[in-house]
Amino acid sequence: MPQTVIFADLVRETSSTTGTDNILLGGAITGMRSFADAVAPGESFHYSMIGSDKPQESEAGVGTLQPDGTILRAPSGGVFTNFSAGEKVVSLVAGAAWYGDTDQVLATQSENITILQAAGDAQDSAIATLQAAGDAHDGAIVALQGAGAAQDGAIASLEATQAGQDSAIANLQAAEQAQNASIAGKADVDHGHALSDIADLEARLSELAASAVGNVTPERYGAVGDGVADDGAALLAAMTAMQSAGGILKLAGRYRTTQAITLPDACMMTGGGTLITENSAGLTVGNDCIFHNVSIVSTHSNHLALYCVDKHAPRLLDCRIDGRIYCRNDGAVALRGPRIDRSHFDVDFGDDYDGVEQMDLFSIYGFEGGHVRGCDIRTANIHRLFKISDSLAGTETSVSNANSRAFEISGNLLRGSGGKQVVDCYRATSGLRFVGNQLELSGAPTYAGPSWAVVIDDKSAGNERDADDIGATYLISGNCGTIPCAFVSLQGAFGITEPGHSGDRRASVHLIDNKIRCTSSDKAVVEIRFFDDVRCRGNLLETNPAVDATVMRLLSNDEAVLSDETYRGGIVHLSKATSNASGLSFGGSFGRIDLRRVSVRNFDASGGVRCDRHRGNALTIDGLFCSSVDTPTQLCRAIYFSSGEMLSLLDIQNVDAEHGTGGNITPVLDSVAQAALRTYRDNGWQPRARLAISGGVPTSGVFLRGDRVSELSPGTSKGVDYVCISGGSPGTWRMSSHVPNKAASIYRPSLAAEHAGFLYFDTGLAASGKPIWWTGSQWVDAAGVAV
């Protein structure tokens with residue numbers, strides 16, 4: 001039976017635990033719950049812990065919440081991971097051990113079904129014996145006593161067989177009740193997604209498996225199941241029988257077919273076996289087909305595994321796929337998209353992918369909803385991981401009558417090399433959730449374009465359904481990993497001016513808590529253009545340092561807010577653009593941009609934040625730190641304006657910067673920074689008032705020209721304020737004000753050079769006294785005569 005553990009939704013915290021100690025929790029991640037909110041002390045649960053910056057350091061196992069709030073670790077296999085310093089993410093998950101126990105229950109059910117089938121066969125045999133005994137009775141009266149005895153024996157055998165069948169059914173029902181009890185109320189919190197729909201599916205499969213009627217195997221219809229013989233005819237016959245009985249097709253072997261196979265509506269396939277298709281059409285699926293714990297392999301050169309047209313897309317759970325999944329909705333009826341959970345994809349198109357034919361792993365055209373969650377996806381030499389669109393590509397020219405809406409790609413391990421390796425949300429895609437994925441992409445691309453990007457190109461010459469996409473939101477959150485090229489390249493339609501396009505789409509982008517390192521600096525790590533609303537928060541984005549490398553590029557979005565961001569190896573580039581990738585014209589301006597608590601490090605460019613072609617609304621920066629590489633090739637400024645186009649508002653405060661060697665960066669904020677309203681305050685390059693001191697001018701520390709300090713204990717023989725007239729350590733200082741004093745000559749204060757200009761009214765000079773001044777070395781009167 002599955003072990004008794006606690007499950008809960010959305011439980012994820014940070015940790016700084018090192019070594020093999022108990023897990024010390026550091027607080028819930030934004031949008032998640034803490035363990036203390038979901039688990040009581042002493043309760044056990046499955047956990048996973050992975051290093052945020054060191055994903056190679058990870059551990060999964062069963063943990064127990066302690067009274068002191070820590071987690072007692074019991075790693076799978078008994079081997080502790082010796083974690084090094086740094087941030088980790090700890091999640092409450094549904095562990096593999098629990099699923100393994102559940103799979104064992106399913107296996108027990110299958111054994112019970114086999115017993116039930118054997119009992120049925122025995123019953124059939126007993127009935128045949130009874131019929132033979134009756135024939136003997138009719139034909140030979142003289143053998144009546146013997147035939148009667150034989151008949152009695154056959155009846156006794158039949159009753160015994162029936163008792164065995166009843167026992168098998170009772171065992172099966174008990175196993176089903178145990179499984180339902182273990183599944184009921186549980187949730188799969190991997191990556192924050194509820195398991196309720198998966199539990200419903202598993203319950204339905206269990207219900208059908210409990211009834212022997214309608215459950216068929218290809219072997220009953222002549223299949224060999226060795227992966228060599230052509231079992232196509234047997235598969236078709238089995239599916240026909242299954243459809244009429246409303247049961248399940250159980251695959252236990254390896255079934256090869258060269259025939260075109262069409263699955264009926266609501267077909268359910270399970271059993272752990274493998275179906276190998278050599279047909280160009282793969283498996284054509286009907287409405288709402290379900291695949292559970294099966295393998296599907298396409299050996300055809302087009303690698304098409306599942307083909308769905310104008311049907312509700314299939315459901316996959318715990319499957320293994322080697323081939324493409326193609327779903328298209330040509331009609332005007334809303335259809336559900338594919339729902340794929342906990343499945344494994346291992347696909348290499350090899351020489352069949354030539355860089356021209358658009359061979360995509362998932363092709364999804366015109367479906368509402370759908371997801372790929374918790375899957376292990378390993379690819380090589382493919383065009384795209386996902387194409388989500390309303391219009392077709394390559395030689396196909398038709399256009400779906402429905403938009404693809406609200407598709408979700410979450411909690412997956414995406415590993416790949418070669419090809420294009422792209423998630424392409426193409427024309428008329430309304431919303432996307434790309435959340436909690438781990439990216440492990442490497443190797444030089446075999447395609448001339450980008451080897452990775454989340455691309456949204458939802459405005460091109462062939463698409464005019466703007467109104468269908470109003471209000472779409474693209475959420476890209478919690479992803480981590482290393483990739484060879486751009487991470488995000490988003491292109492919306494705000495501000496379009498082309499005839500036939502309304503330009504009033506209101507689409508938003510939320511880029512939150514992603515940790516991505518790009519091993520190439522050819523393109524911006526993130527580029528977002530022509531959106532109504534952009535929100536970036538808590539991202540750590542890094543690229544290889546190179547001259548003028550860019551990490552974040554924002555072009556002509558109506559409004560953008562960047563907060564609590566860290567960028568390494570490149571700069572923030574703010575500008576406007578006038579056309580999109582398809583050549584359509586845009587009237588969008590620079591937009592309203594707000595930067596809050598942003599760090600730009602290890603860059604080599606004219607500015608940590610670079611603004612060009614910036615005619616537009618407003619730029620507000622509150623909290624920016626910039627640090628260049630140790631030996632930059634150019635003057636690196638904190639903020640650089642490359643042109644003098646007018647902004648309506650420019651507000652810059654709390655900005656500081658330094659070269660790698662420690663020298664301050666002087667930003668250019670003079671005539672090129674044009675704005676109707678400009679405000680600069682509390683910035684590292686500006687003169688500023690410092691804390692009060694005592695004992696005269698500063699004798700240590702780094703100061704800028706124009707810095708001011710105040711005397712903590714002013715008096716008649718001291719200065720009140722001092723100003724730095726030449727920056728340095730500590731720089732050159734002069735007194736700027738003092739308390740005027742009037743007394744006899746013997747009370748003149750003892751002053752130093754920095755007190756030059758000190759005024760003293762000496763009552764001992766002349767009859768009524770006269771004013772004198774300290775030159776820095778002596779006292780003089782108004783005529784300049786030493787006194």
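**Group meeting: strands, sheets and cysteines in a predicted chain**

Let me begin with burial: of the 787 residues in the chain, 50% are buried, where buried means under 20% relative accessible area, exposed means over 50%, and partly exposed lies in between, with a 1.4 Å probe and protein chains only. Please keep in mind that this is a predicted model, in which local features need pLDDT of at least 70 and side-chain atom pairs count only at pLDDT 80 or more, while totals for chains, interfaces and linings use all residues. Residues are numbered from 1 along each chain as its sequence is written, and side-chain values use heavy atoms, with hydrogens and water left out.

The chain has 5 helices and 55 strands, taken as DSSP runs numbered from the N terminus, with helices being H or I of at least four residues and strands being E of at least two. Of the contacts between residues at least 6 apart in sequence, 67% join residues at least 24 apart, a contact being heavy atoms within 4.5 Å.

Turning to the sheets, 6 strands form an open sheet in the order 2-1-6-3-4-5, with antiparallel pairing; two strands pair if DSSP finds at least two bridges between them. Strand 2 (25–28) and strand 5 (71–72) stand at the edges with a single partner strand each, so one side of each is left without a neighbour in the sheet.

Which residue of strand 43 does Thr566 stand opposite? Thr566 stands opposite Ser599, and strand 43 (residues 592–603) runs parallel to strand 41, with 9 bridges joining them.

Finally, the cysteines: the structure holds 0 disulfides, a disulfide being a pair of cysteine sulfur atoms within 2.5 Å. Cys308 is in no disulfide, and the nearest cysteine sulfur, that of Cys327, is 4.7 Å away. Is Cys308 buried or exposed? Cys308 counts as buried because its relative accessibility is 1%, and Cys626 likewise counts as buried, at 0% relative accessibility.
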